[in-house]
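Welcome! Have a look at the structure below, then try the exercises that follow it.

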Amino acid sequence: MMQLALLTFGLALAPAQTGSTATLSLPMEAHVSGREILIGEICEVRSADPELAARIEQASLGYAPSPSYSRLLFNYRIEEQIERLFEGLDLTVTGERSVRVWPKTEAVEEDELRLAVESAVRAALGGRDVELAFVGVPPTLEIPAGGSAPRLEPRVIEANLRPGIIEVPVDVFVDEARYRTLRTQVELIEWSLVPVLKRDLPPGANLSAVDFEMARIRATSAPNSAPLTIQMAHGSIASRGLRKGEPVRDIDVHRPLAVVLGQAVSIEVRRGAVRARSMGVAMDSGSIGGRIGVRLLDSGREMQGVIQSRDNVVVDLGDPIGLSRR
């Protein structure tokens with residue numbers, strides 16, 4: 001758009017040859033596309049010099065009106081502006097005394113907006129098992145007609161893609177210039193395949209791997225709501241009555257410590273496909289699945305890792321949290 005404007009500006013400022021003449025025939029009203037009013041869109045240009053006529057047709061009279069609005073341009077104002085742009089031009093304006101200029105328009109339909117947002121969100125989710133329910137979508141939007149089809153560009157922030165209602169702004173571009181930003185709201189419903197109980201358990205019951213089966217359930221982003229894996233729940237004690245078909249969360253059970261402060265542990269350090277083992281000392285206490293600090297015996301380096309079993313901690317160097325603590 002900027003390049004086009006500069007080109008138009010350059011064409012208009014090129015002086016006309018001395019003695020050049022042109023005639024503009026002004027109608028009562030005209031309809032224009034794009035964001036500027038070009039002479040060639042609102043009136044007929046006649047000249048013995050075809051190149052001069054083409055340059056005049058590309059001259060801009062300023063901004064085009066927004067949808068539902070118009071601009072009234074008077075013949076003498078048009079004549080003054082064109083003669084300023086084309087030095088030495090003998091210009092005659094015929095026809096009406098003024099022209100009412102309306103924008104050509106097209107519509108961004110609600111269904112187009114929904115499709116653009118859903119496609120962008122699903123692409124950002126990367127195949128996660130989700131359902132999308134729109135709870136806030138602007139109605140059909142009338143926009144200026146451009147030289148090409150309008151472009152919708154949803155702005156999806158991946159950090160916001162969690163279960164619940166999220167907002168997705170959508171930039172509407174006309175001729176590659178942003179015309180307006182629309183706000184949509186979508187409820188993101190995510191499903192996960194997680195372990196759930198096969199039977200009811202009373203408070204104080206000991207949990208083991210045989211108490212679980214896998215099921216598809218609706219995920220939640222509430223604090224402390226992540227279901228425990230079977231490995232993490234095995235050996236724990238129910239802190240309250242637990243129901244069949246429900247996942248077990250950290251707040252539902254008392255989990256025994258798998259590693260205690262000062263305990264010798266085997267540390268597996270991972271970086272991509274590379275694996276290395278070393279001995280170390282636990283700097284914290286924790287249960288299976290918990291994150292603790294460890295210190296390597298051979299180098300004294302301190303790192304963060306996840307407890308895999310009673311004597312094994314995994315440090316993933318691809319995880320920023322797994323980097324050295326000092």
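Predicted model: local features only at pLDDT ≥ 70, side-chain atom pairs only at ≥ 80, totals over all residues.

**Exercise 1.** Find out how many helices and strands the chain has, and decide whether the chain is a compact globule or more spread out.

*Solution.* Start with the elements: the chain holds 6 helices and 22 strands. Next, take the radius of gyration, which is 35 Å. For 326 residues the globule rule gives 20 Å, and the chain's value is well over that, so the chain is more spread out than a compact globule. Finally, look along the principal axes, where the C-alpha trace spans about 100 × 50 × 25 Å.

**Exercise 2.** Work out which strands pair with β1, and in which sense.

*Solution.* Begin by locating strand β1 at residues 21-26. One partner is strand β7, residues 90-95, which pairs with β1 in the parallel sense over 6 bridges. Within this pairing, A22 has L91 of β7 as its bridge partner. Now turn to strand β4, residues 44-46: β1 and β4 run antiparallel and are joined by 3 bridges.

**Exercise 3.** State how far apart the mean positions of the positive and negative charges are.

*Solution.* Count the charges of the chain, 37 positive and 43 negative. The mean positions of these two groups lie 11 Å apart.

Methods: Residues numbered from 1 in each chain as written. Heavy atoms only, no water. Helix = DSSP H or I, 4+ residues; strand = E, 2+ residues; numbered from the N terminus. Rg over C-alpha atoms; globule rule 2.2 N^0.38 Å. Lys, Arg positive; Asp, Glu negative; His and termini not counted. Charge placed at Lys NZ, Arg CZ, Asp CG, Glu CD. Pairing = 2+ DSSP bridges.
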